[in-house]
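This briefing presents one protein chain to a reader who is new to structural description. Please keep the sequence and the structure in view while reading the points that follow.

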Amino acid sequence: MKNEKLRKNLRAFADNGINLVLISLLTGIFAGVAVTFYNILASVGEHTSVKLYSLVLENPAFVPLLLLGLAAGGIVIGTVVRFVPMIRGSGIPQIEGAARGIIRFKWYVTMCSMFAASLACIFLGLSAGAEGPSLQIGGCAGEAVGVTLKRNRMTRRLQIAAGSSSGLAVAFNAPITGLVFAMEEAFRSFSPQVFVCAAISVVSALFTRNAIRPPLGYGVGFTFDTFLFPSGFSFSYCLWAIPAAVVAALVGVAFYYTVFASKKLFKRVTFLKGAGKYIIPFTLAGAFGLITAYSMGGGHSFIEALGTNGTGAVSITEIFGISVVASILIVVLFKFIAGVLAMSCGVPCGVFIPMLAIGAGVGAVFSLSFQKLGMSADFGDYLVIISMAVFFTTVVKAPITGIVMVFELTGQFTNFLPALIGIAVGYLIGMLFKTEAIYEKSLEGFIAEEKLYENIRKIRVSAVVQAHSRADGTNIRTIIWPTNGLVVQVITEDGKVNVPDGETVMRAGETIVFECETDSEEELQEYIYGITGKPER
């Protein structure tokens with residue numbers, strides 16, 4: 001009897017602990033390999049497109065051919081997106097929906113389609129970052145591991161979140177940003193299970209990344225190393241920072257509302273079954289790229305050019321010989337338009353870095369202007385960082401991710417306080433103008449467009465908590481339950497019915513009753529068994 005109990009305890013420990021760790025490790029390795037090679041190719045693509053556009057500028061007769069090629073490329077990409085809607089836009093809303101159990105997808109179709117389509121966008125010179133696609137590719141890696149090892153639905157959700165965190169961490173070489181993203185954005189829950197899976201996956205993914213890149217001749221770092229911040233931050237600088245933060249937040253509000261207004265307009269475009277609308281962002285990107293190379297790619301080079309190393313002087317290349325401030329404003333406008341079109345049309349490309357570039361450009365304009373009014377040049381880089389944080393927070397509504405991202409990408413922690421001030425301003429102005437998290441809003445739109453809730457109905461299932469299962473001895477709020485569901489009753493062994501809350505601790509032998517909106521009672525029951533343990537027959 002004792003041996004049987006010990007055997008069950010060891011098996012439960014393996015199922016709930018060791019196996020989850022090993023699966024997360026595999027997810028990180030797979031995500032690390034896939035995303036590392038993707039980002040290397042994206043970097044090659046960005047440099048190649050810049051050279052191609054330079055060649056076209058030297059031979060203006062090729063401009064019509066370039067625009068024609070971009071229009072054709074837009075139609076091809078639009079057609080791919082129509083058949084594989086999971087890659088529409090950056091793919092972040094869809095992978096968040098998959099991590100929450102709302103969306104089902106075939107990992108190999110989504111991974112290969114996003115890999116190829118987003119790289120094509122970068123090669124064609126769009127204002128396209130690699131971070132969003134990296135995140136989705138990582139999420140696909142998590143689903144691949146879960147499906148291949150025949151894990152239950154809950155474990156697969158955890159691996160999708162862990163893989164997406166790894167993808168973002170590998171793209172930025174920013175482990176904390178990736179880890180925070182899993183909890184703040186993907187699950188919107190600070191569950192120990194999410195934390196453990198994401199942490200293990202992120203660490204293994206970064207080890208994989210840093211093992212692959214040096215032999216191929218690539219560095220392992222990814223920071224904006226042109227920023228220098230004084231060790232002390234005086235609150236007198238707030239007189240300069242707050243106006244810049246307010247304007248950056250208002251630009252973020254404008255970006256948010258312009259995206260969803262443009263979505264309504266694009267829905268009316270039915271040319272080539274909707275694929276024709278992609279001609280607009282692709283050809284405009286070509287026109288912008290011919291004017292300035294800063295409009296192409298994610299915007300890493302643009303942000304680095306705005307860093308002053310504490311001197312107050314940016315190193316941006318002027319456009320058509322006009323002033324530096326006017327040149328920055330043109331790039332910001334191009335990035336703004338390109339970002340709006342990409343998100344509203346559904347171009348498969350990342351907008352993380354492009355959004356940071358818009359905020360950085362706004363901050364740089366204020367930095368240069370305020371220096372003429374008497375602001376110390378030492379504070380110039382602070383304004384750029386604050387504005388980056390403000391714009392990101394206003395649009396994405398992920399303040400913790402925003403602040404962690406800013407100091408991980410600059411490699412300095414002295415900017416924590418000013419970035420925190422900026423994020424607070426951005427969040428408050430977003431609330432004032434009633435903006436929502438743009439990825440959350442996009443996910444709602446995707447669900448409506450794909451009619452994912454058509455066969456949804458309310459179902460109740462019950463299960464007895466087995467000894468040493470995930471539920472045994474755990475309070476309800478720490479469990480990753482199916483989305484749109486709730487534990488409505490906990491029935492004790494003596495038949496007493498309790499209405500639980502998040503702090504209710506479940507015990508072996510108790511019966512939980514779970515109510516959920518779903519289209520499959522069988523799948524829901526299996527998911528609950530994954531939490532409570534399946535009763536032995």
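Ser327 is buried, because its relative accessible area is 0% and a residue counts as buried under 20%. In this predicted model, Ser327 is placed in helix α12, which covers residues 324–345. Beyond its neighbours within four places in sequence, Ser327 is in contact with Thr317, Glu318, Ile319 and Ile322.

**Another residue of helix α12**

- Val340 also lies in helix α12.
- Val340 is buried, since its relative accessible area is 4% and the cut-off for burial is under 20%.
- Apart from residues up to four places away in sequence, Val340 touches Phe255, Thr258, Val259 and Ser262.
- Val340 and Thr258 are 82 residues apart along the chain, yet their C-alpha atoms are separated by 6.7 Å.

**The nonpolar cores**

- The largest nonpolar core of the chain contains 129 residues.
- Within this core, Phe255 and Ile328 are the residues with the most contacts.
- Helix α13, which spans residues 352–372, supplies the largest share of this core, namely 13 residues.
- Which residues does Phe255 contact, leaving aside its neighbours within four places in sequence?
- The contacts of Phe255 are Phe336, Gly339, Val340, Met343, Met355, Ile358, Phe391, Val395 and Ile438.

- Gly73 lies in helix α2, which is formed by residues 63–83.
- Gly73 is buried, because its relative accessible area of 13% falls under the 20% limit.
- Leaving aside neighbours within four places in sequence, Gly73 is in contact with Leu124 and Phe282.
- Gly73 and Tyr439 are 366 residues apart along the chain, and a distance of 26 Å separates their C-alpha atoms.
- Thr110 has its place in helix α4, made up of residues 107–123.
- Is Thr110 buried or exposed?
- Thr110 is buried, with a relative accessible area of 2%.
- Not counting residues up to four places away in sequence, Thr110 touches Met86, Ile87, Phe105, Gln136 and Cys140.
- One of these residues, Ile87, is 23 residues from Thr110 along the chain, and the C-alpha atoms of Thr110 and Ile87 are separated by 6.6 Å.

**Loop residues with a positive phi**

- Asn173 lies in the loop between α6 (153–172) and α7 (175–186).
- Although Asn173 is not a glycine, its phi is positive, at about 55°.
- Asn173 counts as partly exposed, because its relative accessibility of 22% is between the limits of 20% and 50%.
- Leu272 is found in the loop between α9 (238–266) and α10 (279–291).
- Leu272 is not a glycine either, and its phi is positive at about 55°.
- With a relative accessible area of 42%, Leu272 is partly exposed.

**The chain as a whole**

- The chain has 18 helices and four strands.
- Buried residues account for 56% of the 537 residues.
- The radius of gyration of the chain is 25 Å, which agrees with the value near 24 Å that a compact globule of 537 residues would have.
- Taken along the principal axes, the C-alpha atoms fill a box of roughly 85 × 55 × 50 Å.
- Of the contacts in the chain with a separation of 6 or more, 82% are between residues 24 or more positions apart.

**Surface and charge**

- The accessible surface of the chain is about 21,900 Å².
- Carbon and sulfur atoms hold 64% of this surface.
- The chain carries 40 positive and 35 negative charges.
- The mean position of the positive charges and the mean position of the negative charges are 5 Å apart.

Conventions
Residues numbered from 1 in each chain as written. Predicted model: local features only at pLDDT ≥ 70, side-chain atom pairs only at ≥ 80, totals over all residues. Heavy atoms only, no water. Helix = DSSP H or I, 4+ residues; strand = E, 2+ residues; numbered from the N terminus. Rg over C-alpha atoms; globule rule 2.2 N^0.38 Å. Buried < 20%, exposed > 50% of the residue type's maximum accessible area, 1.4 Å probe, protein only. Contact = heavy atoms within 4.5 Å. Areas by Shrake-Rupley, 256 points an atom, 1.4 Å probe, with all protein chains shown as cover. Lys, Arg positive; Asp, Glu negative; His and termini not counted. Charge placed at Lys NZ, Arg CZ, Asp CG, Glu CD. Core = buried A, V, L, I, M, F, W, Y, C linked by side-chain atoms within 4.5 Å.
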